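User: I would like to go through this model step by step, from the overall fold to single residues. Please take the questions one at a time.

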Amino acid sequence: MLIDNAAKTFLENISDGNLRFDEPMSRHTSLRTGGPADFFAEPKSLEILVKIVKWTAAKRIPYLIIGGGSNLLVRDKGIRGLVISLKKGLNCITENRTNNVCVEVSAEAGVNLQRLCSFAINKGLEGMNFALGIPGLVGGAIMMNAGTEHGFMEKVLGSVNVLMPDGKTEKIDKTNLDFRYRELAWKPEYNKGLSSKSSNRPIIISGNFLLTRNEPAKLKEEAELFLAARNRKQPINLPSAGCFFRNPQSGLTAGELIDKAGLKGKIMGGARISLEHANFIINREKASAVDIISLMEEAQERVYRLFNIFLEPEVKIVGE
Ligand SMILES: Cc1cc2nc3c(=O)[nH]c(=O)nc-3n(C[C@H](O)[C@H](O)[C@H](O)COP(=O)(O)OP(=O)(O)OC[C@H]3O[C@@H](n4cnc5c(N)ncnc54)[C@H](O)[C@@H]3O)c2cc1C
């Protein structure tokens with residue numbers, strides 16, 4: 001037991017009633033799978049989040065921070081320790097500095113990414129349309145360097161505000177962030193003070209985006225085109241985590257490789273490789289994480305055998 005009864009009561013008090021025990025993670029992931037988290041907190045403010053994080057540092061409790069859960073596969077036995085969801089708090093968008101050409105917009109980590117896209121369009125601010133249709137929250141999108149053929153988070157971000165695992169906040173300029181394909185890696189200086197055993201990592205609390213002025217009507221027109229094209233290509237009505245694998249650096253995409261390996265439509269238990277887009281693994285009916293991982297491994301093995309390419313998952317696989 002990582003958290004005893006006294007600690008439980010303390011955590012319940014500082015969480016302001018937003019704490020649950022043995023919370024099924026299937027309720028918080030777009031794949032709709034995942035066993036229980038021992039503790040699940042939904043802080044409503046930065047102040048509460050800071051208190052919780054300071055407490056985890058003092059008690060050496062591991063935490064996992066989640067946004068919309070749209071890029072997460074939680075294993076069937078769930079998560080030991082504390083899951084912190086930002087869905088219920090940190091949801092302000094503000095315009096900071098501005099001049100005739102450029103506007104800095106700050107969005108807190110709990111803001112739905114689609115809300116930020118709509119905000120930008122309505123205010124006549126160009127730059128966010130690439131993210132239209134990507135599920136999840138701003139913090140998760142920054143961590144995943146989420147993107148499409150039209151752009152990705154790194155391109156529009158100026159800086160981020162983060163909460164360190166010791167409870168201190170810090171503003172980090174983009175030049176000090178290590179953005180990669182569908183990933184933000186923390187440079188070693190931002191992991192300082194953490195024991196090598198600790199899995200706790202900095203938490204994005206907001207992103208500062210640099211957008212340029214344009215006509216709202218033009219941005220709306222572009223948005224409709226982007227969304228229509230996207231909806232034609234992706235199976236959006238069934239539970240999934242979007243593209244399951246990263247695309248290889250060159251050559252065929254992960255979806256094309258899986259398709260050529262003859263795996264489109266392949267079923268394992270409740271999971272299936274989508275017939276529409278072979279890089280989507282769908283929860284067709286009460287799939288377990290084991291079903292999904294078995295399909296993932298089957299795709300990895302077949303593609304490796306046929307093309308000598310190892311497909312790396314883009315989805316974050318967590319838990320026991
Ligand atoms: C139908 C569908 C379509 C998709 N299409 C796309 C697409 O076109 N392009 C694309 O890039 N992705 C796509 N995705 C994947 C996913 O939506 C993105 O990766 C999204 O940005 C993840 O955001 P989230 O808030 O759901 O993050 P989560 O899934 O909750 O978390 C993702 C990772 O970020 C970490 N994290 C989350 N919030 C924070 C925070 N505040 N601070 C620190 N770490 C944090 C988590 O621990 C986890 O490791 C799609 C998913 C689905 C279901």
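**Strand 2 and the chain around it**

Analyst: To begin with a single residue of this predicted model, P36 has its place in strand 2, which covers residues 36–41.

User: Is P36 buried, partly exposed or exposed?

Analyst: Buried would require a relative accessibility under 20% and exposed one over 50%. The value for P36 is 30%, and because this lies in between, P36 counts as partly exposed.

User: Which residues does P36 contact, leaving aside its neighbours within four places in sequence?

Analyst: With contact taken as heavy atoms within 4.5 Å, the partners of P36 include D22, E23, P24 and M25.

User: How far apart in space are P36 and L86, C-alpha to C-alpha?

Analyst: In sequence, P36 and L86 are separated by 50 residues. In space, their C-alpha atoms are separated by 18 Å.

User: Why can the chain be called as compact as a globular protein of its length?

Analyst: The secondary structure of the chain comprises eight helices and 19 strands. For 320 residues the globule rule gives 20 Å, and the chain is as compact as a globular protein of that length because its radius of gyration is close to that value, at 20 Å.

User: What share of the contacts with a separation of 6 or more joins residues 24 or more positions apart?

Analyst: Of the 320 residues in the chain, 49% are buried. Among the contacts in the chain with a separation of 6 or more, the share from residues 24 or more positions apart is 63%.

User: How many residues of strand 11 are buried?

Analyst: Strand 11 spans residues 157–163 and is mostly covered. Of its seven residues, the number buried is six.

User: Which residue of strand 15 is the bridge partner of V160?

Analyst: Strand 11 pairs with strand 15 (residues 203–213) in the antiparallel sense, over six bridges. Within strand 15, the bridge partner of V160 is G207.

User: Which residue takes a positive phi in the hairpin of strand 11 and strand 12?

Analyst: Strand 11 is also joined to strand 12 (residues 169–173), by five bridges and in antiparallel fashion, with T169 as the bridge partner of L163. Five residues lie between the two strands of this hairpin, and the one with a positive phi, near 95°, is G167.

How values were computed. Residues are numbered from 1 along each chain as its sequence is written. This is a predicted model: local features need pLDDT of at least 70, side-chain atom pairs count only at pLDDT 80 or more; totals for chains, interfaces and linings use all residues. Side-chain values use heavy atoms; hydrogens and water are left out. Helices (H or I, at least four residues) and strands (E, at least two) are DSSP runs, numbered from the N terminus. The radius of gyration is taken over C-alpha atoms; the globule rule is 2.2 Å times the number of residues to the power 0.38. Buried means under 20% relative accessible area, exposed over 50%, partly exposed in between (1.4 Å probe, protein chains only). Two strands pair if DSSP finds at least two bridges between them.
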